[in-house]
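Hi everyone, thanks for coming.

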Amino acid sequence: MMVDLAIVAAKAFLVLFMVLNLAGVLGWIERKGSALIQDRIGANRASIFGFAGMGLVNTLIADPIKFLTKEDFVPPQGDRFLHTLAPCMALFPALVTFAVIPFGDVLILGDRVVNLQVANLNIGILYIFAMASLGVYGIVIGAWASNNKFSLLGGVRGSAQMISYEIAMGLSVIGILMVYGTLELQEIARGQGALIGDHLAESLWFLKPLVGWLPAWGVFLQPLAFLLFFVAAVAETKRVPFDLPEGESELVAGYHVEYSGGKFLMFFAGEFAEIVTAAALMTTLFFGGWQIPYLMRDGFYFPWGGTWLLAPLAVTLLQVGAFTLKVLFFCWLQILLRWSVPRFRYDQVMRLGWKMLLPLAFLNVMVTAIVIIALQ
Amino acid sequence: MSNLQIMSLSPLIFYLLAALLVLAALMVVFQRNVVHSAMALVAALFLTAILFFTLHAPMVGVLQVLVYAGAIMVLFLFVIMFLNPSALEERRTVWWGCGAVAAMLLAAALIAVTSAGNALENFMIAGEPFGSPEMLAQSLFTDFVLPFEIASVLLLVAIVGAVVLAKREG
């Protein structure tokens, strides 16, 4: 009993620890990355005892200290209680969604089989959408409680944008649910361990040498869904090109214009935690999650013949490592995107969401359904 | 923790949740600030969802958060923020009277139902698949497919009606 509880607590702690630290590291990567793209040197002032070489570590320590020692300003005409509550509501959903994301298959400890996922819910993906849908409150309430016209405009933009793209995001995932036939993220990740060749019907034998060797990852079976999901997820994180709620050049800083100190740090960390969550979702739904192609529970089995057997612990470590690498790749992709493209205009954001992503998502669902029925 | 221990804890969790839920519901009514009322309603809906989770209906609980707390209340807040009702409406005694009478009728009905004797005795303990997405989908698309389709047509009519009304204004 106690061991089970300890394992669950350890998993929850590990996931929170990783996500929060990765959020901090991403803050540094964003600064250094933007400097690299814009041909600057970037954050190099934080040095302890003249030792600036460890830029990452120093920035990681210096940033929170700077934020936490600043004055916590609440606008006199604002709503003090909601102004304090809003950053918590912005950070909370990004952290709790990680509970259902599997970061590995199973870990075998003696006679115990530990599922490498904090909570295995049979509603998996719906839980993620439910929590993500609460993320908008942090913006709206923070914007309203600041009693500032700029922040209110940012909040109104944010709520409209997030509701619009939530629909496209939800619909883009339907195809994945139809292909793998489950809502559980661990089952979706396991389903991506097969090869496309295993799914192909007998009558499609001519495709076998062409695509049969590919792993049955979501991105190969549902390429359009991945594009739609990616765009919608970036819009949900409210980053360039969808940073209308923030819009520095028009709204100063949008919904968090009246925030400083620790509360701003929470908005800031929440944004990076959202990036990590979005990256983990892209990995789990479309890029095999913790799967490495041809790696089964006891080693590699290559389709062209040949096997390479491995110890269970090595397999687990490889899987967790693969998951981490994939998540890091998608985090980096989102940061690269931010410094590569300009911001949309507000009507363009709405047009893209409702008139392009939404119909395309419906089309994807229809085509997927027809193909599944035709293949049966 | 064993199942037995969890079961002995569940009344405690239920009463805690219920107390918070009643508190949030009261705050919806008694807060004078509209945004505070709306946020109390969000809290009440969220707590109801947790209540569904403790009743082994995670699907209903998640849909409660997704639809009510996550979408409908955001639209409420959207409208409130646009209209910005900073001037508080004065209390109207007539409406308070009507509300009190309605609340008392509801309370009387609830007491009558719960004290009717066998209402709470003939319960069945739900099995494991109860409330799972598979079971919900099974009953929605077999036993209740007509009501389901009628409800979706009704929603479609409402959307089309809203679009037509909005276009006429412009």
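**A walk through the two chains**

Let's start with a pair of residues: A:Leu295 sits opposite A:Phe300 of β4(A). Before going on, the ground rules: this is a predicted model, in which local features need pLDDT of at least 70 and side-chain atom pairs count only at pLDDT 80 or more, while totals for chains, interfaces and linings use all residues. Residues are numbered from 1 along each chain as its sequence is written, and chains are lettered from A and ligands numbered from 1 in the order in which they are written.

Helices (H or I, at least four residues) and strands (E, at least two) are DSSP runs, numbered from the N terminus. Two strands pair if DSSP finds at least two bridges between them.

Back to our pair of residues. β3(A) and β4(A), residues 299-301, run antiparallel and are joined by two bridges. They belong to an open sheet of three strands in the order β3-β4-β5 of chain A, with antiparallel pairing. Why is one side of β3 and of β5 left without a neighbour in the sheet? Because β3 (295-296) and β5 (307-309) of chain A stand at the edges, each with a single partner strand.

Chain A has another antiparallel pair: β1(A), residues 106-109, and β2(A), residues 112-115, are joined by four bridges. A:Val106 has A:Asn115 in β2(A) as its bridge partner. The two strands form a hairpin with two residues between them, and A:Gly110 in the turn has a positive phi of about 65 degrees.

Now for a helix. α14(A), residues 346-375, has 30 residues and reaches 42 Å from its first C-alpha to its last, close to the 44 Å expected at 1.5 Å a residue (the expected span is 1.5 Å times one less than the number of residues). At A:Leu352 the helix α14(A) bends by about 30 degrees; the bend is the angle between axes fitted to the seven residues ending there and the seven starting there.

Which residues of α14(A) are buried? Among them are A:Val349, A:Leu352 and A:Asn364. A residue is buried if 20 or more other C-beta atoms lie within 10 Å of its own, exposed if 12 or fewer, and partly exposed in between, with C-beta atoms placed from the backbone. The buried residues of α14(A) pack against α5 (149-180) and α10 (223-236) of chain A.

On to the partner. Chain B has six helices and zero strands, and 15% of its 170 residues count as buried. Its mean pLDDT is 80, with 81% of residues at 70 or more; pLDDT is the predictor's confidence in each residue, from 0 to 100.

Finally, where do the chains meet? 23 residues of chain A are in contact with 20 residues of chain B, contact being C-beta atoms, placed from the backbone, within 7 Å. The largest share of the chain A side, eleven residues, comes from α4(A). By class, that side has 19 nonpolar, four polar and no charged residues; Ala, Val, Leu, Ile, Met, Phe, Trp, Tyr, Cys and Pro count as nonpolar, Asp, Glu, Lys and Arg as charged, and the others, Gly among them, as polar. For the complex, the predictor gives an ipTM of 0.76 and a pTM of 0.83.

How values were computed. Contact = placed C-beta atoms within 7 Å.
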